[in-house]
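Subject: Handover of a structure, with notes

Dear colleague,

I am passing on the structure below for your own work, and my notes come after it. Please read them alongside the coordinates.

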Amino acid sequence: MQARRKARSRVQSRQEVVERLRAALPTLRERYGVRRLALYGSFQPPLRDEICECALFR
């Protein structure tokens with residue numbers, strides 16, 4: 001049985017995306033060898049039932 005992840009609140013701003021990525025960077029470095037992160041593109045808060053994506057490139 002697969003472990004369930006802790007539910008997180010939806011991101012409401014571009015700044016919140018940046019803050020979450022910065023907080024995750026040490027783990028991303030350790031697990032996946034990520035050296036740096038960059039955020040590009042536009043941001044719009046998701047609607048009530050909308051699913052959003054975030055792509056990580058290594």
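The notes below begin with conventions and the chain as a whole, then turn to the helix and to the segment after it.

This is a predicted model, in which local features need pLDDT of at least 70 and side-chain atom pairs count only at pLDDT 80 or more, while totals for chains, interfaces and linings use all residues. Residues are numbered from 1 along each chain as its sequence is written, and side-chain values use heavy atoms, with hydrogens and water left out.

The chain contains one helix and zero strands, where helices (H or I, at least four residues) and strands (E, at least two) are DSSP runs numbered from the N terminus. Of its 58 residues, 14% count as buried; buried means under 20% relative accessible area, exposed means over 50%, and partly exposed lies in between, with a 1.4 Å probe and protein chains only. The chain exposes about 6300 Å², of which carbon and sulfur atoms supply 49%, the areas coming from the Shrake-Rupley method with a 1.4 Å probe and, for residues, with only the protein chains shown counting as cover. Among contacts (heavy atoms within 4.5 Å) with a separation of 6 or more, residues 24 or more positions apart account for 48%.

Helix α1 covers residues 14-32 and spans only 24 Å between its end C-alpha atoms, whereas a straight helix of 19 residues would span 27 Å at 1.5 Å a residue, the expected span being 1.5 Å times one less than the number of residues. A kink of about 45 degrees lies at Leu25, shortly before the proline Pro26; the bend at a residue is the angle between axes fitted to the seven residues ending there and the seven starting there. Val17, Val18, Leu21, Leu25 and Leu28 are the residues to look at for burial in α1, as each of them is buried. After α1 comes Gly33, whose phi is positive, near 75 degrees.

The count of salt bridges comes to one, a salt bridge being a side-chain nitrogen of Lys or Arg within 4 Å of a carboxyl oxygen of Asp or Glu. The pair is Arg20 and Glu16, with the closest N and O atoms 3.2 Å apart. Because Arg20 and Glu16 are four residues apart in helix α1, they are separated by about one helical turn. Arg20 counts as partly exposed, at 26% relative accessibility.

Arg29, also found in helix α1, is partly exposed at 44% relative accessibility, and, when residues up to four places away in sequence are not counted, Arg29 touches Val34 and Arg35.

Phe43 and Val11 are 32 residues apart in sequence and 10.0 Å apart in space, C-alpha to C-alpha.
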